[in-house]
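Please look through the structure below before reading the notes.

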Amino acid sequence: MIPANFDYLAPTTVEEAVAALAEHGDDAKILAGGQSLLPVMRMRLNAPEVVIDLNRIDSMRGVRDEGDVIAIGAMTTHSVIEHDPLVEEHALLVHRAVEHLADLQIRHRGTFGGALAHADPAGDLGAPALALGAQFVIAGPSGTRTVGADDFFIDLFETAIGEDEILVEVRLPKHTGWGAHYEKFVRVAHQWPIVAVAATVKVEGGTIAEARVGLTNMGSTPLRARAVEAALVGQPATDEAVRAAAASATEGTNAPSDLNGDTAYRNHLATVLTRRAVLAAAGADTLAGAGAA
Ligand SMILES: Cc1cc2nc3c(=O)[nH]c(=O)nc-3n(C[C@H](O)[C@H](O)[C@H](O)COP(=O)(O)OP(=O)(O)OC[C@H]3O[C@@H](n4cnc5c(N)ncnc54)[C@H](O)[C@@H]3O)c2cc1C
């Protein structure tokens, strides 16, 4: 289908974009890569009167090294992130997740900020951002504010970004030297995950010194598997120890039931995928046989 008519604005600065949003209010919609917004507009599930395209705002693109963090402009495409050496070195978990996000064409157009702002609970970037403790820089009429990962995801397709605000940048604390793995369970290639687990661990002398684990599609928002993280610390990176810790993966989750699987099936997947993800992140998956349940 063809979208309903709309006016098109293409600001070149964040300030212009925020002013346009303030002027048009509820009638306006931000356009980033368009990979989620345009299908919705074509199906006429959303018919904004004004589309504010961020693609000409150069300051919102790219990855920068800023000491203890790497800063990723919200308009940086998935494909740029996939090939960026800073992301691979300091936020390996994001690199691992983005490699498996949709297909090449979508990675070429879709943006880091667009995916996080869209907040689909099945989206592949929320759990890694949460696990790494991302900081979200949001611009609005009264200036810029920063929201921590724990407060960013509010509900299904709902974030801390206000209706008159724009996500400008995502800042990831460096996890240099940490192992990482994103274990995504799909029935067919390029599908959205039925469940996925984002794990990053710091291993010292064969022992897990620190661990961060995020869950995708186990609730209305991405979730931290904090019980698993706590159980992993101080444990050897062995199949037995990781299997025991992964048994707590569903603590605090509220997995949906749909045609891809019911809650019990997703709960089972979460424990199996957590074990696989942590072992792979720790570089111990070959010992355990990553395919085993
Ligand atoms: C066939 C298909 C398969 C896909 N498979 C996957 C998958 O497996 N895993 C996955 O994670 N994703 C998948 N995606 C989605 C993809 O990741 C999109 O890139 C992403 O969801 C939206 O990013 P975008 O840049 O295209 O945003 P858009 O579609 O342009 O915008 C999405 C929403 O976010 C808002 N928005 C965008 N940018 C900002 C901003 N900077 N500030 C405030 N609001 C903003 C928009 O107004 C809109 O409401 C798939 C998409 C398609 C079409």
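1. How far is an oxygen atom of the ligand from an N or O atom in the side chain of K29? The distance is 3.4 Å, which falls under the heading of a polar contact (a pair of N or O atoms within 3.5 Å; within protein, one must be able to donate a hydrogen and the other to accept it, and residues adjacent in sequence count only if both atoms are side-chain atoms).

2. A word on the source. This is a predicted model, in which local features need pLDDT of at least 70 and side-chain atom pairs count only at pLDDT 80 or more, while totals for chains, interfaces and linings use all residues. Residues are numbered from 1 along each chain as its sequence is written, and side-chain values use heavy atoms, with hydrogens and water left out.

3. The ligand has 27 residues around it, and the closest are I30, G34, L37, T111 and D124; a residue is counted as near if one of its heavy atoms lies within 4 Å.

4. I30 belongs to strand β2, residues 28–31. Helices (H or I, at least four residues) and strands (E, at least two) are DSSP runs, numbered from the N terminus. I30 counts as partly exposed because its relative accessibility is 26%; buried means under 20% relative accessible area, exposed over 50%, and partly exposed in between (1.4 Å probe, protein chains only). Leaving out residues up to four places away in sequence, I30 touches L21, L37, I52, L54 and I166, where contact means heavy atoms within 4.5 Å. D53 is 23 residues from I30 in sequence, yet their C-alpha atoms are 6.0 Å apart.

5. Five strands make an open sheet in the order β4-β5-β10-β6-β7, with antiparallel pairing; two strands pair if DSSP finds at least two bridges between them. At the edges, β4 (63–66) and β7 (143–148) each pair on one side only. Strands β5 (residues 69–73) and β10 (residues 166–173) are joined by five bridges, and A71 has R171 as its bridge partner in β10. Helix α1 (residues 14–24) packs on this sheet, touching β6 (135–140) and β10, and its direction makes about 130° with that of β10. Axes are lines fitted to C-alpha atoms, for helices over the stretch in contact, and angles run from 0 to 180 degrees between N-to-C directions.

6. A further open sheet has four strands, β11-β12-β13-β14 in order, again paired antiparallel. Its edge strands are β11 (179–185) and β14 (223–224). Nine bridges link β12 (residues 195–204) with β13 (residues 207–216), and V203 stands opposite I208 in β13. Helix α5 (residues 92–99) packs on this sheet, touches β11 and β12, and makes about 25° with the direction of β11.

7. Where is Q191? Its place is the loop between β11 and β12. Q191 is buried because its relative accessible area is 17%. The side chain of Q191 reaches the backbone nitrogen of R187 at 2.8 Å.

8. In helix α11 (residues 239–246), the buried residues are A241, V242, A245 and A246. They lie on the same side of α11 because they cover an arc of only 130° around the axis, the arc being that of the directions from the helix axis to the C-beta atoms. The face turned away from the buried side of α11 carries the exposed residues E240 and A244. The cover over the buried residues of α11 includes β13, α10 (226–232) and α12 (263–281).
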